[in-house]
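Hi,

Here is the structure I promised to pass on. Have a look at it first, and then read my notes below.

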Amino acid sequence: MALSLLDSRGTPLEQQRFTWKDLVQKPISKLDDDAFTRVRVILMNGIESEAVRFSHLCARMNRDLQVPLARVRRIDHHQETMVNWLLGPDHSPIETTVAYEQVAIEVTAALAQQEPDPYVAQALRFALLEDFDHLYRYSALMDRIEGMDPNNILQTYTDIMAGRPTAVEHRMPEDDVRKPYERGKAHPLTKLNAMTLVAGEYQTRDYYMHFGPTFADPVARQVYAEIASIEEQHVTHYESLIDPNETWLEKWLLHEANEAWNYYGCAQQETNPRIKAIWERMLDYELGQFQFAADIFKNVERRDPAEVIPAQLPDPFPYKSNRDFVRQALRNEVDLRAKGTEFVPLAEDSQASQQYRNHMNSEGSPTETVAAGYQWVPGGELWRRVANV
Amino acid sequence: METGTKMGMNKTGVQTSPIDVDRMLSDSPRSAKTTASDGAGIAAVRTSYITEAEAVGTIPMPGTVKGAAKTAAKKLTGRRPEVLIDALGARLAFERSGVRLYEAVLTKYQATPEKLPGMSAEQLTHFRDEEAQHYKMLADCLQSLGADPTAQTPGADITGVESMGLMKVIEDPRANLQQTLHALLVLELADNGSWELLIKLAEDMGQDRMAQAFRQALQNENEHLMHVRQWHEQCVRGQAT
């Protein structure tokens, strides 16, 4: 069943309150909870983080909106805290990283399959194959540097194998900027998909930038530096899909709708009852925030919010393994490259990007080094060695 | 909070999804199926950074040596005082953290309904107080050498990094008493080895009074280790039967 933004007015803003105990609840179990519970926790942290980021930028450019934005932003910040603190302290930075890549793969694959605009769908599959490779490189890093099995995190939902090699993902900035959808014509799903992925990729970039320097091993520090650079490219890639002609208020409204849409999908599919209750509470908060933003939109722009996003939102995307879809994309599109706004065959790859990546890789490629000859087996690569003894 | 561990819905292994595992292992067109890497590439990157690396930091220059401090400091003439100062700094940091860790263990013990025979809040409090005494004694030793007991020496820094995981376990509300005691056991084992070395080092440096005080500290630590080892063993073996 799809969510209607107008069926409920949600929780009024003044009732959206927290205590510190509320914000810091019992974390999920790394061992016993389903991997998709963690996927939802990570994605929703990214969605809230984007809400806060957007709100600050909007406030800097709109004096009259500063107080209403600040009111909603405080709540967003606390929502983000409540969600992100659900990750238990036994998640090491490399384990959380593997989980982040699982989010990137499974969420992007799900969104790509429902994306109605062929160009945007192509853009999603393009970045998907790059994140898929990141999982393979980080898995090799985890296995070879820390002696741990990445599948303990992935729970066999996501393949560990090479995608478009990270070493060839480095591009000139002009080859990362895509064509935007047109705000008046785009399907609501296109808008929601693009916003969801900008949020996910931005938090991934930030996570790698925060935690990369906390690793002692120079190999790990290099791998994080390299993949963080691609995540920065992916933020450019996804945000350029969004129509820059949307007004600030239009974007605010879309952010609120996207938060509600995502929480709704989480609440519908959550298997842990305690976490499901959190998603339901957050959904009610978002419906209240949407109403708040919609009232301001109507007063200021004198337009119907339905011009921006229909009250009846598309069905949420399914949280499930997308192995077959990813493999098909891998077979058909792994050799595609980006040139300007287009996706081109290998032979037509951008010369400027080739020169750029040749220089970046000229003192060695961290992701190639760490994954040389790597093939995952249950228990990790060492199992092959000890089993042969 | 429970004392031990139970069977449940752990989802991390492959036994629950044999079909998916077969699919993961088969049809991996882009993954290299060649022989596994010999690790030469990783070793080369590590080597280049090890070769270029600078130390984590230095020992601060001693301040002005006054009064009684002169006697101890003089004995270091002709030796390398920074070795002793670093070791004392590392022990001081470890003992200071040890006080906080025993406080955390005490809270966990008190919050755990099931009690272990022989383990008591009084005993944990006593151990915590001894860690605090060791901290004070080490600070006095550093001052007697004209060194700054508030400075973080390289040894203290690295010791802190070593302890990070153990500290996380002890402070995690979900880590049960058995898991907490195991972390404490690892800490006490490292602590004992370090006190033994510190006694020898103090003797080498002509610091007989210090060595004497350290022997007393090692006696305390031996007692800590014996009890923690015993409690942990009781905890594990008690659950098995």
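One term before the rest: a crossing of two helices is called left-handed if the near helix is turned anticlockwise from the far one by less than a right angle, and right-handed if clockwise. Also, please keep in mind that this is a predicted model.

That term is for a helix pair in chain B. There, α6(B) passes α7(B) in a left-handed crossing. α6(B) covers residues 154–171 and α7(B) residues 177–204; their axes come within 8 Å and cross at roughly 150 degrees. Angles over 145 degrees count as roughly antiparallel, and α6(B) and α7(B) are therefore roughly antiparallel to each other. Who meets whom? On the α6(B) side you'll find Ser163(B), Leu166(B), Val169(B) and Ile170(B), and they meet α7(B) residues including Ala183(B), Leu184(B) and Leu187(B). By type, this contact has seven nonpolar residues, three polar and no charged.

Finally, the two chains together: 31 residues of chain A are in contact with 28 of chain B. On the chain A side, α6, α8, α11 and α13 each supply at least two residues. α8(A) gives the most, with three. That side of chain A divides into 14 nonpolar, ten polar and seven charged residues.

Cheers

Methods
Residues are numbered from 1 along each chain as its sequence is written. Chains are lettered from A and ligands numbered from 1 in the order in which they are written. This is a predicted model: local features need pLDDT of at least 70, side-chain atom pairs count only at pLDDT 80 or more; totals for chains, interfaces and linings use all residues. Two residues are in contact if their C-beta atoms, placed from the backbone, lie within 7 Å. Helices (H or I, at least four residues) and strands (E, at least two) are DSSP runs, numbered from the N terminus. Ala, Val, Leu, Ile, Met, Phe, Trp, Tyr, Cys and Pro count as nonpolar, Asp, Glu, Lys and Arg as charged, and the others, Gly among them, as polar. Axes are lines fitted to C-alpha atoms, for helices over the stretch in contact, and angles run from 0 to 180 degrees between N-to-C directions. Angles under 35 degrees count as roughly parallel, over 145 as roughly antiparallel, 65 to 115 as roughly perpendicular and the rest as oblique.
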